[in-house]
Amino acid sequence: MREQSRPRLTGNRLKAFKNLTKKENRVLIVGDLHCPFEHPDYFDFCVDIYESWNLNKVVFIGDIIDNHFSSYHENEFDADGGGKELSTAIKHLEKWKKQFPKADVIIGNHDRMIMRKAKTSSIPKAWIKSYNDVLGTKRWKWHDRLLIDGVQYVHGEGGTAKTRAKNDMMSTVQGHIHTQAECVWMVGNKFKIFGMQVGCGIDRDSFAMAYAKNYKKQAIGCGVVIGGHTAINFLMDL
């Protein structure tokens, strides 16, 4: 899989990217995983992009776990119980933690599902464990919003990245919308900003994604932002 998904870069082009200053942030943006319902080839795809483009920073754009068992919508007939789904999701995250021991994670709407249920039940926050405690991601940092090189990273419940970029007048990267992978630039007399939708890493054939079986096909991909000035989408061959 890794050889098939590796970007086709000429020797000179790859050398040029490797020779860029190491002080520059070169960010891999991992799309919504929804573990344990991520695409089986998505991990290798993201690792190939990270290595081929000489990246040095990782941002998970949100919804790294699905929490299907705790959804406010009806569960599928084949759904696992909460304990089994969570333990399977943690197992699936092991390879991501090993490959990227340090990472920033944007908190998505599915990630915060348990906290929402706690609020519904009036459970004090003191009773709720942190994401790192539950998932074993001790060196991952969790954010509602993150700024790197003047680019904001959000999950994206409020609309598209293009709309958020225009409203805030700053470059924006987000996930949440599984069917979109694009980078739109907006240029004025004194500004140049982009809005990037990174796509996602879900397995559309999993039972947890059955609700979208008649929707537009999901865009399986990731994003790269270099120094805040260059933004690139990569889509996986399916």
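In this predicted model, a polar atom of the T172 side chain lies 3.0 Å from the backbone oxygen of M170. T172 itself belongs to strand β7, which covers residues 172-174. With a relative accessibility of 0%, T172 is classed as buried, because that value falls under the 20% cut-off.

Elsewhere in the model, six strands form an open sheet with mixed pairing. Read across the sheet, the strand order is β4-β3-β2-β1-β10-β11. The edges are provided by β4 (140-143) and β11 (230-235), each of which pairs on one side only. On average, neighbouring strands of this sheet are turned by 20° against each other, with direction ignored.

Strand β1 spans residues 26-30 and strand β10 spans residues 221-226; the two run antiparallel and are joined by four bridges. Here I29 is found opposite G223 of β10. A helix also meets the sheet: α3, made up of residues 42-52, packs on it and touches β1, β2 (57-60), β10 and β11. The direction of α3 makes an angle of about 20° with that of β10.

Notes: Residues numbered from 1 in each chain as written. Predicted model: local features only at pLDDT ≥ 70, side-chain atom pairs only at ≥ 80, totals over all residues. Heavy atoms only, no water. Pairing = 2+ DSSP bridges. Axes fitted to C-alpha atoms, helices over the stretch in contact; angles between N-to-C directions. Contact = heavy atoms within 4.5 Å. Buried < 20%, exposed > 50% of the residue type's maximum accessible area, 1.4 Å probe, protein only. Polar contact = N/O pair within 3.5 Å; in protein donor to acceptor, adjacent residues only side chain to side chain.
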